[in-house]
Amino acid sequence: MLHKISTGVVTKSPDSARAYLLLMRLDRPTGYVLYLLPGLWAVVLASGRRPDLLTVVVVAVAAVLVRGAACAVNDVVDREVDARVARTVSRPVASGTISVGNALLFAAAQAVVALLILAVANVETALVAGASYPLIVAYPYMKRIFFWPTAFLALVMSVYVLIGWTAVTGSVDYPLEVYCLYTGGAFWTLIHDAIYSHQDKEYDRNIGVKSSALLFGEATKVWLAIFGVVSVGGVLWAGSQTSIGWAFYLIVVGAAIFLSYLVVRVDLDDPKSCWDTFVANTYFGWIILAAVVAGQFT
């Protein structure tokens with residue numbers, strides 16, 4: 001449903017705006033959801049039974065803008081590589097639809113507006129988000145210099161746990177459960193991004209770009225299983241540090257079973273299977289969110 005809505009917005013938008021909506025990947029909302037959900041886990045865990053609706057909206061809207069800015073920066077840095085990969089050749093910067101300068105201005109505008117929106121919750125939240133911006137800018141270069149760029153991405157994406165917690169509490173003095181959630185989110189990112197990277201492994205190999213797919217090769221599923229154990233363990237450990245109820249643990253176990261199913265069923269040599277499994281990872285995140293919510297009432 002979310003994909004249909006996002007695609008509809010892009011399709012029906014004026015030509016002058018459509019390229020920029022594509023640049024921020026508004027037609028592919030999966031990335032936004034994967035970035036946002038760990039932040040929402042933290043919002044609910046910090047809020048208890050009554051999360052503030054304004055805080056939820058602020059965190060959600062800012063996630064779209066921050067991720068949109070990150071995509072624009074990524075496309076500028078990767079424009080020459082994208083032009084050589086079938087899946088990305090039509091991206092606005094790679095195809096020349098949007099200039100490098102305009103893409104960077106668009107990224108900066110989104111980044112600034114995101115900080116202003118987060119400041120509605122409290123200034124501390126905006127400062128935490130702003131501190132993550134250099135890491136977001138650095139990520140596209142990791143594929144060229146670092147043997148495991150997904151690990152860097154996992155650290156960056158999980159910052160949204162800190163943003164979600166700070167939006168509720170106004171504090172950067174994080175308790176242990178926040179770091180546990182951060183760990184859970186980071187290792188979940190290692191899973192879905194490794195699966196995503198298998199779509200382009202042949203192109204990456206030919207171009208010389210580093211990725212999880214090339215790093216793990218035939219052992220990828222073994223590593224995915226290990227990451228899954230740590231991710232679920234981090235979430236469970238976070239819950240154990242609070243007074244959350246029994247429903248949380250029951251539902252998290254269900255999420256673990258679902259994640260295991262995804263790892264088992266994915267065909268890492270089939271780009272469509274990889275994409276479908278990448279998208280399906282959002283359900284794991286939603287199930288964890290449901291677990292945190294349910295745990296507040298049991």
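Reply: Let's start with Arg-25, which is buried at a relative accessible area of 9%. Here, buried means under 20% relative accessible area, exposed means over 50%, and partly exposed is anything in between, using a 1.4 Å probe and protein chains only. Before going on, a word on the ground rules. This is a predicted model, where local features need pLDDT of at least 70 and side-chain atom pairs count only at pLDDT 80 or more, while totals for chains, interfaces and linings use all residues. Residues are numbered from 1 along each chain as its sequence is written, and side-chain values use heavy atoms, with hydrogens and water left out.

Where does Arg-25 sit? You'll find Arg-25 in the loop that runs between helix H2 (15-23) and helix H3 (30-47). Helices are DSSP runs of H or I with at least four residues, strands are E runs of at least two, and both are numbered from the N terminus. Most residues other than glycine have a negative phi.

Now for the partner. Arg-25 makes a salt bridge with Asp-75, and their closest N and O atoms are 2.7 Å apart. This pair connects distant parts of the chain, with Arg-25 in the loop between H2 and H3 and Asp-75 in helix H4 (residues 53-77), 50 residues apart. To count as a salt bridge, a side-chain nitrogen of Lys or Arg has to be within 4 Å of a carboxyl oxygen of Asp or Glu. Side chains of opposite charge can pair when their charged atoms come close. Asp-75 is buried as well, with a relative accessible area of 1%.

Arg-91 pairs with Asp-82, with 3.6 Å between the closest N and O atoms. Arg-91 counts as buried at 15% relative accessibility, and so does Asp-82 at 4%. Another bridge brings together the side chains of Arg-87 and Asp-200, at 2.3 Å from N to O. Arg-87 is in the loop between helix H5 (79-82) and helix H6 (92-95), while Asp-200 is in the loop between helix H11 (176-197) and helix H12 (201-207), so this pair ties together parts that are 113 residues apart in sequence. In this pair, Arg-87 counts as partly exposed at 29% relative accessibility, whereas Asp-200 is buried at 10%. Back to where we began: salt bridges with shared partners join Arg-25, Asp-75, Asp-82 and Arg-91 into one network.

One last stop is the loop between H11 and H12, where you'll also find His-198. His-198 is buried, with a relative accessible area of 4%. Its side chain makes a polar contact with the side chain of Thr-220, at 3.0 Å. A polar contact is a pair of N or O atoms within 3.5 Å; within protein, one must be able to donate a hydrogen and the other to accept it, and residues adjacent in sequence count only if both atoms are side-chain atoms. Leaving aside residues up to four places away in sequence, His-198 touches Ala-213, Gly-217, Thr-220, Leu-268 and Cys-274, where contact means heavy atoms within 4.5 Å.
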